[in-house]
Amino acid sequence: MARSKTRNKSKSASPKRKPTRRKNNLSKSMKGKKLTSNQKLTLYLNEALAIENAAVQRLQSRIKQTKMENTKQRLELHLEETRGQQDRLKQLMLDLGDGKGTATKDKAQLPILAPPKSLTNIFGRMMTSAEYDLKAAKEDAIVENAEIILYDMLSHLAEKMNAANAIPILAQSLSEEKSMADWIKTNTPEMITQLWPEIEDSLVMSEEETQELR
Ligand SMILES: [Fe+2]
């Protein structure tokens, strides 16, 4: 009986099998294929573009979310810079591909830290809006620093590939990312000063502190 049950189960499971995705076919057809240095560089540039595509979306929502006026203004400036970075990456890919642009519209997964569920649940219940703002600022810094690493490595690769026209473009993006990351770092004490009163208001006194006041 058990046997036939198993067989039935596997029979009924087979039509549910997922169809092969196009993505898989594409990666299969690329397997083992040698690329020219321009084609390879285009792949890397597309990787950077996908990150910037996601970054634009994130910056837009951060600008709406943050209550800190100076942070909002700096994020707005970086949104403009990021749009410039997207345009330069697209133009560079057009130049590398002799006008046959292959710029991706897809968005990468940004490197955002994910604490364990047990902590996320506690944070979700306890966090003030000031702490949400601070958490997002922490994520801003992580994303910008990840972009620094990306453009730094890409610049060195472009040098090896003798891609002379890519180098100043990557250098400009690298310097914009560095200045954004530096701004967040320099502005952190001011950020905490702005957010602290709301965080402090949410705290209750411990027994020790209450006794000290007596
Ligand atoms: Fe950035």
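In the predicted model, leucine 45 is in contact (C-beta atoms, placed from the backbone, within 7 Å) with Leu89, Leu92 and Met93, its neighbours within four places in sequence being left aside. Residues are numbered from 1 along each chain as its sequence is written. As the model is predicted, local features need pLDDT of at least 70 and side-chain atom pairs count only at pLDDT 80 or more, whereas totals for chains, interfaces and linings use all residues.

The largest nonpolar core comprises 21 residues, of which Leu45, Ala48, Leu92 and Ala166 touch the most other members. Such a core is a set of buried Ala, Val, Leu, Ile, Met, Phe, Trp, Tyr and Cys residues joined through C-beta atoms within 7 Å, buried denoting 20 or more other C-beta atoms within 10 Å of the residue's own. At least two residues of this core come from each of helices H3 (37-65), H4 (69-96), H6 (129-160) and H7 (166-201), helices being DSSP runs (H or I) of at least four residues, numbered from the N terminus. H3 gives the most, with seven residues. Another core, of seven residues, lies apart and includes Ala130, Leu134, Ala137 and Leu195.

The axes of H3 and H6 lie 11 Å apart at an angle of about 160°, the axes being lines fitted to C-alpha atoms over the stretch in contact and angles running from 0 to 180 degrees between N-to-C directions. H3 is therefore roughly antiparallel to H6 (over 145 degrees). Residues of H3 including Leu41, Ala48 and Ile51 meet residues of H6 including Val143, Leu150 and Leu154.

The axes of H6 and H7 come within 9 Å and cross at roughly 165°, so that H6 is roughly antiparallel to H7.

Definitions and conventions:
Buried ≥ 20, exposed ≤ 12 C-beta atoms within 10 Å, placed from the backbone. Contact = placed C-beta atoms within 7 Å. Parallel < 35°, antiparallel > 145°, perpendicular 65-115°, else oblique.
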